[in-house]
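Please examine the sequence and the model first.

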Amino acid sequence: MDAPDAPRTDAADATADAFALVGNEHRVAILRALLAAHADPETPYPTSFATLRERAGVDVSAQFAYHLDALVGAFVAKTGDGYRLRYPGWKAAAALAAGTYTDQRAFGPTAVPGECAHCRVAALHASYGDAWLTVACHGCERVLTRYPFPPGAAAAHLDDGGVDALLSAFDDRVRSHFALAVDGVCPECAGRTRTALAAVDDDASASQTATRGDGHAIHAVADCETCGNHLTLPVGCALLADPRTLALAADRGVDLVDRPYWRLPELVGDAHVDRTGTSPLEATVSLDADTTVTVTADLDVRHPGD
Ligand SMILES: [Zn+2]
Ligand SMILES: [Zn+2]
């Protein structure tokens, strides 16, 4: 029976159709113009045919109308006041604005503040290229954090406030994405992630996993069942997804919030982690001499007294 495959085929066709719909420079210009109108308080949104045509820079009215009509439905909604982006259109336009598919920007390695939790050498460096931002230690050659950052957005942050501004945005992005993934939601596609604790060989640095965090004995991992997104992070960093632990740490004077993500291992890295179970795997993380939280095999966090 091929019935179970039918929806998948339909979905694949629909996706191919959706990509085909925007495979034209005028349609791309229309999506960009609608996004710009949405972001600009001076421009009415929904946006009229005439204003949109002017902003999209399409000279021939009939040609503009033809391409706009093609987008209405899947990507654009036509209302009594004009045109506005539907969610898939906004996603496509936002990806174009972020430069995910086109821009190229690179920098580094550039020295950044902080000491490596592994080798205790102040030799942290950030670099960016091919849409990936990496913070690594030049003392022990370990990658501390590595995660994608859209190139157009990276360029905007770099132009705005230099490497510091980009690193600040990167820190926010990594924190929120990893917390989502550890909570069971894929930060790329919103699909369901399977989460677990995993023991890591030290040679895991050879693997091309998304996020790294080399040199840690125990990682939290999140795998997306929908898009295959695979995230690994030091187990101590998984505590960021647990509001109770954040409150407990704050109460103990342990700053897990303001410190850059790649420097968290100084506070909750391997020196603070003990393996307390093997089958199932379980670990404890010490916040201070008297305060320990437990992370179970499926990433539940238990506090003393639970
Ligand atoms: Zn190091
Ligand atoms: Zn996903």
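Q: Is Pro 304 buried or exposed in this predicted model?
A: A residue counts as exposed when its relative accessible area is over 50%. For Pro 304 the relative accessible area is 56%. Pro 304 is therefore classed as exposed.

Q: What distance separates the C-alpha atoms of Pro 304 and Val 293?
A: Along the chain, Pro 304 and Val 293 are 11 residues apart.

Q: Which arrangement do the four donor atoms around the zinc ion (ligand 1) adopt?
A: The zinc ion (ligand 1) is coordinated by the SG atoms of Cys 116, Cys 119, Cys 137 and Cys 140, at 2.3 to 2.4 Å. Four donors count as tetrahedral if all angles lie between 85 and 135 degrees. The angles at this ion are 99 to 118°, so the arrangement is tetrahedral.

Q: How many residues apart in sequence are the parts that Cys 116 and Cys 140 tie together?
A: The donors of the zinc ion (ligand 1) are spaced C-x2-C-x17-C-x2-C. Cys 116 lies in the loop between strand S3 (107-111) and strand S4 (124-129), while Cys 140 lies in the loop between strand S5 (132-137) and strand S6 (143-148). The pair therefore ties together parts whose separation in sequence is 24 residues.

Q: Is Cys 224 buried or exposed?
A: Under 20% relative accessible area, a residue counts as buried. Cys 224 has a relative accessibility of 5%. Cys 224 is therefore buried.

Q: Which helix packs on the sheet formed by S7, S8 and S9?
A: The three strands form an open sheet in the order S7-S8-S9, with antiparallel pairing. Strand S7 (193-199) and strand S9 (230-234) are the edge strands. The helix that touches S7, S8 and S9 spans residues 151-183, and its direction makes about 105° with that of S9. This is helix H6.

Key:
Residues numbered from 1 in each chain as written. Chains lettered and ligands numbered in written order. Predicted model: local features only at pLDDT ≥ 70, side-chain atom pairs only at ≥ 80, totals over all residues. Heavy atoms only, no water. Donors = N, O, S within 2.8 Å, 3.2 Å for Na, K, Ca; no water. Tetrahedral: all angles 85-135°; square planar, octahedral: opposite > 155°, others 65-115°. Helix = DSSP H or I, 4+ residues; strand = E, 2+ residues; numbered from the N terminus. Pairing = 2+ DSSP bridges. Contact = heavy atoms within 4.5 Å. Axes fitted to C-alpha atoms, helices over the stretch in contact; angles between N-to-C directions. Buried < 20%, exposed > 50% of the residue type's maximum accessible area, 1.4 Å probe, protein only.
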